[in-house]
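This report looks at a ligand, its surroundings and the pockets of the protein. Begin with the structure itself.

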Amino acid sequence: MSADCLFCKIARKEVSSKTVHEDHDIVAFHDLNPVAPVHVLIVPKEHMDNLNEVGKGDDQLLGKALRLAAKLADDLGVGESGYRIVINNGDQGGQTVQHLHLHLIGGRQLEAKMG
Ligand code: 5GP
Ligand code: ZN
């Protein structure tokens with residue numbers, strides 16, 4: 001937990017969000033500025049700045065986050081049409097919120113080219 005971290009505050013419900021899933025270690029909610037019809041953030045509640053802070057003990061959590069992404073894609077109607085999972089990591093990776101999160105993006109044709 002980090003007192004000033006936006007996603008920790010969302011996990012603690014000090015900042016509101018449109019939640020689509022919550023369990024004891026993960027929360028998922030709609031992105032405030034969606035880039036596609038489906039744009040959900042999947043956020044482990046435990047504060048880690050990004051993948052650089054992930055340890056061996058987090059393998060299960062990360063696996064769970066990916067499986068949850070596939071389930072939410074299905075729930076939100078893009079499981080079959082397709083979707084993209086993105087983790088922006090660090091400054092040049094385009095990360096703006098320093099709390100590890102996965103983007104689930106879908107509902108329109110995404111470019112094959114990355115970057
Ligand atoms: P990043 O750039 O770190 O990979 O992604 C951060 C994401 O958080 C952005 O897509 C941005 O739109 C989203 N975001 C920023 N502030 C808020 C907020 O207060 N609530 C929600 N739901 N999303 C936010
Ligand atoms: Zn945090």
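A residue counts as near a molecule if one of its heavy atoms lies within 4 Å of it. The model is predicted.

## The shell around ligand 1

Ligand 1 is surrounded by 16 residues. Asp31, Asn88, Thr96, Val97 and His103 are the closest. By class, the shell holds eight polar residues, seven nonpolar and one charged.

Two elements, helix 1 (6-11) and strand 2 (26-30), each give at least two residues to this shell. Helix 1 has the largest share, with three residues.

## Polar contacts and burial

Which residue places a side-chain N or O atom 2.8 Å from an oxygen atom of ligand 1? That residue is Asn88. His101 also contributes through its side chain, with a polar atom 2.9 Å from an oxygen atom of the ligand. Val97 uses its backbone instead: an N or O atom there lies 2.9 Å from a ligand oxygen atom.

How much of ligand 1 does the protein bury? Taken alone, ligand 1 exposes 520 Å², and the protein buries 83% of that.

## The largest pocket

Ligand 1 sits in the largest pocket. The space in this pocket is about 350 Å³. Its lining has 20 residues. Phe7, Phe29, Asp31, Leu32 and Leu41 are the closest to the pocket centre. Asp31 is also among the residues closest to ligand 1.

Helix 1 and strand 2 each supply at least two residues of the lining. Helix 1 gives the most, three residues. The lining divides into ten polar, eight nonpolar and two charged residues.

## The second largest pocket

The second largest pocket has a volume of about 280 Å³. It is lined by 13 residues. Those closest to its centre are Val35, Arg84, Val86, Asn88 and Ile105.

By class, the lining has five nonpolar, four polar and four charged residues.

Notes
Residues numbered from 1 in each chain as written. Chains lettered and ligands numbered in written order. Predicted model: local features only at pLDDT ≥ 70, side-chain atom pairs only at ≥ 80, totals over all residues. Heavy atoms only, no water. Polar contact = N/O pair within 3.5 Å; in protein donor to acceptor, adjacent residues only side chain to side chain. Areas by Shrake-Rupley, 256 points an atom, 1.4 Å probe, with all protein chains shown as cover. 1 Å grid on protein atoms, 1.4 Å probe; cavity = no way out; pocket = protein on both sides within 12 Å on 5 of 7 lines; lining within 4 Å. Sits in = over half its atoms within 2 Å of the grid points. Helix = DSSP H or I, 4+ residues; strand = E, 2+ residues; numbered from the N terminus. Nonpolar A, V, L, I, M, F, W, Y, C, P; charged D, E, K, R; others polar. Points joined across faces, edges and corners; volume = space filled by probe spheres on them.
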